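Biologist: I'm new to reading models like this one. Could you take one close look at how the helices pack, and then carry on into the strands?

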Amino acid sequence: MTEAILMMLAVGGICGTVLSLASKIFYVYEDPRIGEVEANLAGANCGGCGFAGCSAAAVAVVTGKAPPNVCIVSSSDLVTKVAAVMGLDAGTAEPLKSLNTCDGGFRADDKFHYMGVQTCAAISAMYGGKRECRVGCLGYGDCVRSCKFDAIHMGPDGYPVVDEVKCVGCGACEKACPKSILTVRTLTQRLLDINKTEDALAPCQQTCPAEIDIPAYIECITKGDYEGAVKTLRERNPLILACGRVCPHPCENYCRRGIEDEPVSINQLKRFVADFEMNSGTRFPISAMPSTGKKVAVIGGGPAGLSCAFFLKRVGHDVTIFEAMPHLGGMIRYGIPEYRLPKKTLDWEIQGILDLGIEARTDVRFGRDFNMGTLSYENFDAVFFGIGAWSDYTLGIKGEDAEGVFTGINFLSRFAGGEKIAIGKKCVVVGGGNTAIDCVRTLVRLGADEVTLLYRRTRKEMPANIVEIEAAEHEGVNFHFLAAPTRVVSDEDGRATHLEYLKMELGAPDASGRRRPVPVADSETLIEADMIISAIGQRPDVSFRDGARSLEDLIITRWNTLDNDPITLQCSIPKIFTGGDSATGASLVVEAIGGGRRAARSIHQYLMGEPVQAPENVLFKKHIPESLFEHVDGIVPSPRAKMPELPVASRIKTFEEVDLVLPEESALKEASRCLNCCRLCYNKDTQKKAA
């Protein structure tokens, strides 16, 4: 017995010694962050993340194989704590949500009858599925069966509906869908998404420079969900009050209803819900991500700068706007008259943007009060230039330096800034764009006896909004077409008395597609004018670059714009981006807004250390050919809502807003005219009537 005990003790001692030595040789190190990460996971061990329990998920996070938001049932606080353990920005730890991009369902046409296995995976193997639309939902519910959280159900119209409250963003539905109809995205991905050729997009949405999901917000209006409509609009456009008043709505030119009937009044509906919020006495909440600690300087507080700042702040970056004028707004404040866009309305909208936590510094001009060195000293990580097109083109004719001769933007901005300007009795405005129209309508309200618009082409070729041209006609403006100015005539005191012009006739079309005006020989004619305004276009003022060593590599084009990639809007200096008129030349407000958001997307990529690039299949300034129809069946013509407006007799005596908002009853009726189109399918009036 004693021998046995001694033997066991000896064996045990030997084993202990061996194990002790082995522990020194075969020591296994465990990263202490694994335990910290696991402690901040939900602890459900559900496997919904794709890993075998929370321990495996924690290892995946630490080894870089999974993001901080890997746990599909964690709260945002826990996700933020996991991100902190890994030394990542809290803003990168965003919750994922599933998004359905197709609502074709039963209304989508079939190209063949299918009797096989009732799954999307099976039918997609046959020519991509039975639907005529190659990106349309197949409708067999693979996504519904894949969801472990009852967050998706097949709606009554034959397409999946996502319950965002229940959705945990696990991605099972996205993996199950063979057509990529369901995508799992973060808020940042949704806000910075840009149209792609394979997307389910209506023709109007393809046309909108801001890429607004027009059918979606109009559908919200039809249901009385005005807050939902505003939120849908603000995923693409932070200036819906301004746009609802001044946008020329190019989207309506591609409204599918307009092929057989009058197009839907898309812009009036945008203004209706925007005004609803403003007049409701409250502001609808705007979600934003926690700060990433990255800083962006936005130079210019116009529509491009405000848009860029809005989206950068919503995805978590700190933004400071630098504005040369006393107030933010840029051209929509100083170039658009009060009767089109009241300053109190603009102020309300801008304040909502600043309330996100955006800093604004006004009365500071880049190149004079601060420069790139200043911004570097303040640790700004990227710079956006949205400096607008404030430099007017002059007529380039003899005598235009006479007293009483102005340029369009200079005149409008000085007046908007409160300066008292002596108005002539007989005024002539040269030009055919929106600035020229704004000038003549302003002069009418300021009491000019006679106001004439002189344009070298015909009314048909005028680039101004047709509704603005008609309004000017109603207000008594004289239109003098096919006339090109050649000389300003002055009196002995240097004051303008007449404008000489040549009569023109239209020749062959030029690069713009409009017929080129050709002078008629020996046709010089004088028109009496003691006030002349040149409104023939404007370009950016890039004098800030003169002598600035830090900007020597910033390339300027012959149009005085900042050379840039037209999609990413990155300039020749990688940390500098641009948008709006400084990127494209003078253009539409909605173009500037869309440019500001695209620049924000690129700046976000730059700040996150990602390649600054657009998707290979980006849909930019073009249309999906199959979505453009020549005929639209099932349309029952219905009258388009008429915009209410102040009577001419009273409005020309005041700067009160001329165009008024639709009454709710009219707005709901107009919204019901929308066909809720997608690429191919739409709601036919005949079917709605039958239902």
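Modeller: Let's start with helix 10 and helix 11, which are roughly antiparallel to each other because their axes cross at roughly 170°, and an angle over 145 degrees counts as roughly antiparallel. Keep in mind that this is a predicted model. Helix 10 covers residues 214-222, helix 11 covers residues 226-234, and their axes come within 7 Å. On the helix 10 side, the contact is made by Ala 216, Tyr 217, Cys 220 and Ile 221. Helix 11 answers with Tyr 226, Gly 228, Ala 229, Thr 232 and Leu 233. Sort those residues by class and you get 7 nonpolar, 2 polar and no charged ones.

Now hop along to another pair, helix 14 (residues 303-314) and helix 22 (residues 589-607). Their axes are 7 Å apart, and they pack at an angle of about 40°. That angle makes helix 14 oblique to helix 22. The crossing of these two is right-handed. Helix 14 brings Pro 303, Ala 304, Ser 307, Cys 308, Phe 311 and Leu 312 to the contact. From helix 22 come residues including Val 589, Ile 593, Gly 596, Arg 597 and His 604. Here the tally is 11 nonpolar, 3 polar and 1 charged.

Helix 22 lies across strand 5 (295-299), strand 8 (382-385) and strand 20, and it runs at about 165° to strand 8. Those strands belong to an open sheet of 5 strands, in the order 7-6-5-8-20, with parallel pairing. At the edges sit strand 7 (359-361) and strand 20 (576-578), each pairing on one side only. From one strand to the next, the twist averages 20°.

Strand 6 (residues 318-322) pairs with strand 7 in the parallel sense, over 3 bridges.

Strand 11 (residues 426-430) runs parallel to strand 12 (residues 450-454), and 5 bridges join them. Find Val 429 and you'll see its bridge partner in strand 12, Leu 453. Strand 11 is also mostly covered, with 4 of its 5 residues buried.

Note on methods. Residues numbered from 1 in each chain as written. Predicted model: local features only at pLDDT ≥ 70, side-chain atom pairs only at ≥ 80, totals over all residues. Heavy atoms only, no water. Axes fitted to C-alpha atoms, helices over the stretch in contact; angles between N-to-C directions. Parallel < 35°, antiparallel > 145°, perpendicular 65-115°, else oblique. Contact = heavy atoms within 4.5 Å. Nonpolar A, V, L, I, M, F, W, Y, C, P; charged D, E, K, R; others polar. Left-handed = near helix turned anticlockwise from the far one by under 90°. Pairing = 2+ DSSP bridges. Buried < 20%, exposed > 50% of the residue type's maximum accessible area, 1.4 Å probe, protein only.
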